[in-house]
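Here is a short briefing to read with the model open beside you.

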Amino acid sequence: MASSLEPIVVLSLVVGVIAAVIFAGVLVALIVFTLRYRDVRTGSAPQIHGHRALEIAWTAVPLLLLAIIFVLSLVTLGQIGQGATFGSLEPPLHVDVIGHQWWFEFRYAGAVTANELHIPVGVPIELDLSSADVIHDLWVPELGAKSDVVPGQRNVMRLFTARAGTFSGECAEFCGLEHAWMRVLVVAEPRADFDGWLAAQRAPASGAAGRGLEIVGSAVCSSCHVVQGQVAGTPIGPDLTHVGSRTIIAGGVLANTADALRAWIADPQRYKPGALMPKVPLSSADLDAVVAYLRSLK
Ligand code: CUA
């Protein structure tokens, strides 16, 4: 990992300095001109017309500055696009990211998860972005990454972090009613931990058999959810194979606790109006059984 600053940080600093200098210049000029050229009788200064040199100057200077920023941006885009910032010899890890109204799906080779993107530290990550419905935008500010997620188009976003930790991300393109609740957690962990996590995610579900599995396997839940090895449903909503291992549900509206999960299933529209998940009438005992089953899907 290079110890120097990321190209995108350098670009931000350069643009920031240019903007600060212009801001300071305008502010000073404003104060000087206000004090020096104020006509105390009329409250206004004599107007200037047709000053060719001035007009050329205030057209050419901004043009030149914008041209410089444009070229610097192109150079930076190229550096990021080629993965030059990674400085890592490891081959990139590919993850398919699919935007849905309103949650993110993450597909690894052999495993599918939702809301939480696990990545190994020190390994370049290549995210293949696509959308199941409308235009979304995946943004993880702390990792310096942001890209539109467009239906019918494959966008690639590269991530890299040398720092273990949990980073918050969100959808950054208005995509409907619950746009604000389309969050992600990026969990960056050492390679060994990540490999262990991925191996667990690849394993088929080992949920407790019983009433809970019976209900989730019924037409209502399985018309949108899959539990690998236990419920052969239609993968419209989040894959639930290891839902018990996640920390957030419903795009981040709720923490993945037993109480929150129960409340969510009892009435999804109360917590996320407009979400595709309908309210399914279940008796209190059945609700408990479903929650217990889902919690057992570690
Ligand atoms: Cu998805 Cu905003």
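Does T161 count as buried or exposed? This is a predicted model, and in it T161 has a relative accessibility of 7%, which is under the 20% cut-off, so T161 counts as buried.

**Around T161**
- You will find T161 in the loop that links β8 (155-159) and β9 (165-171).
- A polar atom of the T161 side chain lies 3.0 Å from the backbone nitrogen of R163.
- Setting aside residues up to four places away in sequence, T161 touches I119, V121, G122, L143, F167 and A188.

**G165 in strand β9**
- G165 belongs to strand β9, and its relative accessible area of 24% makes this glycine partly exposed.
- Beyond its neighbours within four places in sequence, G165 is in contact with V186, V187 and A188.
- G165 and E189 are 24 residues apart along the chain, and their C-alpha atoms are separated by 6.6 Å.

**Helices α6 and α8**
- The axes of α6 (residues 258-266) and α8 (residues 284-295) come within 10 Å and cross at roughly 125°.
- The two helices are therefore oblique to each other, and their crossing is right-handed.
- On the α6 side, A258, L261, R262, I265 and A266 take part, meeting S284, L287, D288, V290, V291, L294 and R295 of α8.
- Sorted by class, this contact of α6 with α8 has eight nonpolar, one polar and three charged residues.

Terms used:
Residues are numbered from 1 along each chain as its sequence is written. This is a predicted model: local features need pLDDT of at least 70, side-chain atom pairs count only at pLDDT 80 or more; totals for chains, interfaces and linings use all residues. Side-chain values use heavy atoms; hydrogens and water are left out. Axes are lines fitted to C-alpha atoms, for helices over the stretch in contact, and angles run from 0 to 180 degrees between N-to-C directions. Helices (H or I, at least four residues) and strands (E, at least two) are DSSP runs, numbered from the N terminus. Angles under 35 degrees count as roughly parallel, over 145 as roughly antiparallel, 65 to 115 as roughly perpendicular and the rest as oblique. A crossing is left-handed if the near helix is turned anticlockwise from the far one by less than a right angle, and right-handed if clockwise. Contact means heavy atoms within 4.5 Å. Ala, Val, Leu, Ile, Met, Phe, Trp, Tyr, Cys and Pro count as nonpolar, Asp, Glu, Lys and Arg as charged, and the others, Gly among them, as polar. Buried means under 20% relative accessible area, exposed over 50%, partly exposed in between (1.4 Å probe, protein chains only). A polar contact is a pair of N or O atoms within 3.5 Å; within protein, one must be able to donate a hydrogen and the other to accept it, and residues adjacent in sequence count only if both atoms are side-chain atoms.
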